[in-house]
Amino acid sequence: GMLAKGRLLGLQFEALFTDDLYMRIGRYAVDLAMELKEEFTTRGYETVVDSPTNQQFFRLPNDLIDRLRQHASFELWGPQGETHSIVRFVTSWSTTYNDINRLIELI
């Protein structure tokens, strides 16, 4: 059984490293995250970490977080003061431009 599982894992990695697929899907996720970062900062929301990755961290008002929770998935990192909290948004190969645009509409 272990050999079969190892072969399946190997096939997945072979597919990811063929024709730069891994780099393309990674770049796509980072590009979407940068667009999200730009939109949040343009609207005056503070980034907590200047992240060059597909993970973006923002300091947001708690009332906005409560509204966003109803429509979007993100991770709450904890309170910062009485009225704001830190959140983390993560984009991936499966995130779409429509997802980003919808989130932007919500903020």
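Residues are numbered from 1 along each chain as its sequence is written, and side-chain values use heavy atoms, with hydrogens and water left out. Because the model is predicted, local features need pLDDT of at least 70 and side-chain atom pairs count only at pLDDT 80 or more, while totals for chains, interfaces and linings use all residues.

**View 1. The hairpin of β3 and β4**. Strand β3 (residues 75-80) pairs with strand β4 (residues 84-90) in the antiparallel sense, over five bridges. Two strands pair if DSSP finds at least two bridges between them; strands (E, at least two residues) and helices (H or I, at least four) are DSSP runs, numbered from the N terminus. Q80 has H84 of β4 as its bridge partner. Three residues lie between the two strands, and G81 in the turn has a positive phi of about 85°.

**View 2. The buried face of helix α4**. In α4 (residues 97-106), I100, L103, I104 and L106 are buried (under 20% relative accessible area; exposed is over 50%, partly exposed in between, with a 1.4 Å probe and protein chains only). They fall within an arc of 160° seen down the helix axis, so they line one face of α4; the arc is that of the directions from the helix axis to the C-beta atoms. N98 and E105, on the other side of α4, are exposed. The buried residues of α4 pack against α2 (21-42), α3 (62-69) and β4, where contact means heavy atoms within 4.5 Å.

**View 3. The largest pocket**. A pocket is an open set of points on a 1 Å grid over the protein atoms alone, where a 1.4 Å probe fits, with protein on both sides within 12 Å along at least five of seven lines; lining residues have an atom within 4 Å of a point. The volume of the largest pocket is about 210 Å³, taken as the space filled by probe spheres set on the points. Its lining has 13 residues, of which A72, S73, F89, D99 and L103 lie nearest the centre. β4 and α4 are the elements that give two or more residues to this lining, and α4 gives the largest share, five residues.

**View 4. D19 and D20 in the loop between α1 and α2**. Most residues other than glycine have a negative phi. D19, not a glycine, has a positive phi of about 55° and is exposed, with a relative accessible area of 63%. D20, also not a glycine, has a positive phi of about 60° and counts as exposed at 52% relative accessibility.
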